[in-house]
Structures are given as structure tokens and as C-alpha cells.
Amino acid sequence: MNFLKKYKKEFEEYDKLDHDFIDDEKIWAQLNKWENPSKQDVRRVLKKAEQCVRLEPEETAILIQNRDEGTIQEMYELAHQLKEGVYGDRIVFFAPLYISDECANNCLYCGFRSSNKAIQRKTLTMDEIEQEVRIMIGEGQKRTVLVYGESPKTEVDFMCETIKKVYSVKTEHGEIRRANINCAPLTVDELKKLKDVGIGTFQVFQETYHHDTYRRVHPQGTIKGHYRWRLYCMDRAQQAGVDDNGLGVLFGLYDWRFEVMGLLYHTIHLEETFNGVGPHTISFPRITPATGTPFSEHPEYAVSDADFKKLVAVLRLSVPYTGMICTAREPSRVRKEVIPFGVSQIDAGTRIGVGAYVKSESANALPEHEQFSIGDDRSLDGVVKEICDMGFIPSFCTACYRAGRTGEQFMKVAKSRFVHNYCIPNAIFTLKEYLLDYASDETRQKGEKILRSHMEQFKGEPVYSKLLENLSRIENGERDLRL
Ligand code: SAM
Ligand code: SF4
């Protein structure tokens with residue numbers, strides 16, 4: 001079958017809908033209505049947000065449009081409090097693993113687009129994947145997200161093989177315990193196959209929710225050119241039983257204020273359709289320069305650092321139960337600044353070139369195999385050290401997904417605000433493993449200090465003795481202990 005005709009029937013079904021759940025005019029009307037909200041309006045929304053509930057679109061519009069410095073500071077403070085309340089002060093670490101830079105699509109902003117002659121095309125073999133994973137594990141990684149272009153070489157059966165391969169690699173101290181995926185939208189049957197091999201989160205970014213912009217940057221005649229095929233892919237994931245799903249926007253394609261509203265409408269749609277289960281994570285990458293890709297050098301709607309900080313806080317306040325991912329596309333300075341406002345996951349030690357863990361010790365070293373450039377090229381050890389310095393606890397935990405706490409189960413736990421009862425103990429165990437097996441002396445010292453201060457929180461609670469017991473078992477060589 002012609003690859004581009006692959007989903008023709010499904011596309012036709014979506015074409016029959018007379019509308020979808022993103023109403024561009026309504027979103028602009030809501031933003032315009034609240035063009036200059038009063039302090040009272042902002043505080044009214046913050047009062048509601050304190051209850052840790054998902055906001056309504058007009059409420060989010062008020063926060064987005066707020067230009068008053070005093071109440072913007074109040075937004076930052078509350079965003080920080082909500083993040084601590086729901087997720088505790090732990091930051092979960094992962095690193096991407098790029099499997100292929102072959103792609104039939106032609107997205108204007110992306111280095112992998114088919115018309116880009118500056119990229120050398122490569123899909124890793126199973127042996128090459130094993131070598132990449134060995135290096136990642138050797139640096140201390142426990143979680144990865146596998147990334148693929150959309151091509152006949154990387155269809156779902158191949159993806160399943162790659163996931164099985166990643167899970168099969170074991171070394172003396174470790175293994176990858178959770179493999180997430182970032183790939184093109186799939187059918188329900190394809191998604192069921194991914195579920196069967198144990199994927200973690202299924203991530204597909206809408207890139208832009210604005211219909212006209214979507215059409216402009218994703219040429220028609222490509223699979224990616226179909227807006228609704230992408231928009232409804234998380235519905236299909238839920239139908240397939242893949243219930244940890246990751247949304248995202250590529251900031252810089254269109255007005256960031258509209259895109260934040262789009263993410264909220266997508267969340268509401270999923271919650272209303274799937275018994276309260278919204279996205280597991282939201283990602284908010286900004287466009288960075290890509291080899292041979294002029295569009296990526298000067299995005300028309302580039303988001304300033306100040307607006308970026310604000311949008312992170314608005315998202316945290318609007319969807320308090322969703323994990324938020326800030327990737328290494330951002331420079332370390334920006335990551336440091338936004339992490340306190342609601343980020344729960346970051347990547348570190350990241351190499352995004354296909355085959356780059358084997359071929360280089362740093363990021364941005366294989367431009368001919370890289371989708372874009374990254375801003376934070378520090379080692380995993382360096383970032384773990386900084387997170388400790390900031391007073392957060394680095395975590396390599398993968399417990400929820402392995403204990404079946406996904407989708408509705410996860411939301412129940414998250415919404416009852418008991419996540420810290422799992423998250424912090426599991427962060428303590430996995431950080432201890434990292435410090436013993438991989439950390440530099442300096443990071444080990446700082447990490448031990450953070451461990452001690454977090455153990456203090458549990459003194460007097462029944463779980464304290466269990467924590468002490470597990471820490472001593474880890475010191476004696478046991479691994480992968482979790483609650
Ligand atoms: N090919 C799949 C797809 O498009 O759905 C997988 C996604 S791609 C390999 C991962 C994500 O990188 C894209 O969804 C997009 O948001 C982001 N991306 C693409 N070009 C980028 C750029 N120049 N800067 C930053 N992020 C970019
Ligand atoms: Fe291909 Fe994804 Fe890049 Fe588009 S964003 S060209 S689909 S890899």
C-alpha cells in the first residue's frame with residue numbers, strides 16, 4: 001500500500017465531522033473578552049485554583065491575559081505550591097532515545113522533514129539500539145522516550161521490536177524500566193500492539209491547535225497534514241487501553257496564548273470523554289534551530305523567556321494533576337527558572353542524534369542526524385547535582401506505571417493528593433541507587449544531604465522504618481525496591 005494512503009479510510013471518517021473540539025473563533029473571543037483583567041478577576045481565579053481543580057477556559061484566559069506584575073507573582077507562588085502539593089518536590093529524570101530520522105512528512109520546522117537534504121537518513125538496527133541503551137544505563141538512566149519519524153521503515157511492528165529490545169538490555173546495576181514513545185498518531189489496533197509490549201506514556205504533540213497555521217506548516221498530501229487524525233489520536237489511544245498519554249504544543253508556530261487554550265480544551269475533551277482521565281503529561285517545547293531548516297531559525301511567533309515562564313505557571317494552575325515536562329531544548333538558565341513553577345519531569349544527559357549515545361559524549365555533536373539543537377547539554381550527573389542544589393529531590397522512579405497506577409487509577413491517586421506518599425519514598429530509593437552506582441563524589445555528597453532532609457519528613461510516621469530498611473537493603477546491593 002502507498003504509505004501516504006495508509007489511513008485514507010480513517011481520514012474520511014474524520015472529514016465527515018462538521019466540527020471538532022477546537023473552536024478557533026471561540027478561543028479568540030474568550031481571550032479578547034479578558035484582554036485586560038482586573039486584579040480582582042485574577043485573584044478570583046487564583047482562589048479557585050487553590051482548590052487544586054482544573055480551570056475553565058475563561059478562567060485560564062484571565063490568567064493568560066494578566067499583565068499586572070503583582071498578581072503575576074501571586075500566580076507563580078501558587079503554581080509552585082500546587083506542584084509541591086500534588087507531586088511533592090521531586091523532579092523525575094529521563095532521556096530520549098532517537099531511533100530513526102527517516103520521515104515521509106515535511107513539517108516546515110523540523111530537521112527530519114523529507115525535503116531536507118542536509119540530514120543523513122538512518123534507522124538504528126536492533127544491535128545499535130542495544131549499544132545506545134547500554135550507554136544510557138551506564139550513565140544512570142532508568143526512563144527513556146523512544147522517538148521516531150513517520151516512515152514505512154518505522155511502522156508499529158518495528159516499534160514493538162524496538163521497545164522489547166530496550167527492555168531486554170540488562171547490566172550489572174540497571175535497566176530501562178519505563179520506555180515512553182513519541183511518534184506519529186496510530187490506529188486503535190496499532191496502539192493495542194504498543195500496549196501489549198508495555199509502553200509507558202504515548203506522546204503525540206499537536207504542534208499547533210490553530211487550524212490555519214496547522215495547514216500552513218504541515219503540507220497537504222502528507223499524513224501529518226491531517227489535523228483531525230492527530231487531534232483525535234489520544235481518543236484512539238484510550239480506546240486501545242493506552243491510558244497514559246502526553247499532549248504538547250510546539251511553541252513558536254502560533255500565538256502562545258491561543259495554544260495554551262488549545263491544550264486546555266484538549267484536556268477538557270479527554271476528561272469529558274474518558275471518565276475524568278485527562279493527559280498524563282503536557283510538554284511545551286519551543287522551536288530551536290534545526291540543520292538545513294530556515295523556518296526554525298526565526299519562528300514567526302517566537303515565545304519570549306518572560307512569556308514562557310508565564311505559560312508554564314498558567315498551565316500548572318489550569319491543569320494541576322498533569323505532569324509537566326520541560327526538555328533540554330531549553331538552556332539550563334531557563335530550566336532553572338521555570339522548574340519551581342510546576343515542572344515535574346526533565347531530561348538530562350540528552351543526545352538527540354540517531355546513534356549519538358555511542359558516537360558522542362555531548363549533545364549537538366551530530367547535526368546531520370539531529371532533529372533540532374538543544375540548549376542544555378550538561379551531563380546527567382551535572383543536572384542531578386543542580387537539582388539537589390535547588391533543594392528538589394531527583395527521582396528515577398518508575399513505580400506507578402509498573403504497579404498499574406496509570407490512567408484512571410493514577411488520576412484517583414493524584415487527585416487524592418497522596419502521590420507524595422509514593423513519589424517521595426520512591427524518589428528516595430531511586431536517588432540512593434543513582435548515588436551509589438553512578439554519581440560523582442560531589443553529586444553524591446549533595447544527594448546524600450537531600451536524602452537526609454527528605455527522610456526527616458517521614459520521622460514519626462509508620463512508613464519511616466520501611467524507608468530505613470529499604471535504604472539499608474540498597475546499600476547492601478539490592479536494587480529496584482519501590483512502594
Ligand atoms: N515524527 C513524530 C511526529 O511528528 O509526531 C514524532 C515527533 S518528533 C520526532 C518530536 C517532536 O519534536 C515534534 O512533535 C515537535 O513538536 C518537536 N520538534 C520538531 N521540530 C522541532 C524544532 N525545530 N525545535 C524544537 N522541537 C521540534
Ligand atoms: Fe517527521 Fe515528526 Fe519531523 Fe514532522 S516533526 S518532519 S513528522 S519527524
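In this predicted model, a nitrogen atom of ligand 1 lies 3.0 Å from a polar atom in the backbone of Thr 288. Side chains also take part in the contacts of ligand 1. A polar atom in the side chain of Arg 329 is 2.9 Å from a nitrogen atom of the ligand, and an N or O atom in the side chain of Arg 230 is 2.6 Å from one of the oxygen atoms of ligand 1. On its own, ligand 1 has 560 Å² of accessible area, and the protein covers 97% of that area.

As for its location, ligand 1 sits in the largest cavity.

Ligand 2 can be described in the same terms. The space that ligand 2 takes is the largest cavity, which is also where ligand 1 sits. Around ligand 2 are Cys 103, Asn 105, Cys 107, Tyr 109, Cys 110, Phe 112, Arg 113, Gly 149, Lys 224 and Gln 371. The shell divides into five nonpolar, three polar and two charged residues.

The last topic is the division of the chain into domains. The assignment gives domain 1 in two segments, 3–22 and 88–378. Domain 2 covers 27–80, and domain 3 covers 413–475. Taken over C-alpha atoms, the centres of domain 1 and domain 3 are 30 Å apart. These two domains are in contact: 13 residues of domain 1 meet eleven residues of domain 3.

Terms used
Residues are numbered from 1 along each chain as its sequence is written. Chains are lettered from A and ligands numbered from 1 in the order in which they are written. This is a predicted model: local features need pLDDT of at least 70, side-chain atom pairs count only at pLDDT 80 or more; totals for chains, interfaces and linings use all residues. Side-chain values use heavy atoms; hydrogens and water are left out. A polar contact is a pair of N or O atoms within 3.5 Å; within protein, one must be able to donate a hydrogen and the other to accept it, and residues adjacent in sequence count only if both atoms are side-chain atoms. Accessible areas come from the Shrake-Rupley method with a 1.4 Å probe; for residues, only the protein chains shown count as cover. On a 1 Å grid over the protein atoms alone, a cavity is a set of points where a 1.4 Å probe fits but cannot get out, and a pocket is an open set with protein on both sides within 12 Å along at least five of seven lines; lining residues have an atom within 4 Å of a point. A molecule sits in a cavity or pocket if more than half of its atoms lie within 2 Å of its grid points. Domain bounds come from an automatic or database domain assignment. Contact means heavy atoms within 4.5 Å. A residue is near a molecule or strand if one of its heavy atoms lies within 4 Å of it. Ala, Val, Leu, Ile, Met, Phe, Trp, Tyr, Cys and Pro count as nonpolar, Asp, Glu, Lys and Arg as charged, and the others, Gly among them, as polar.
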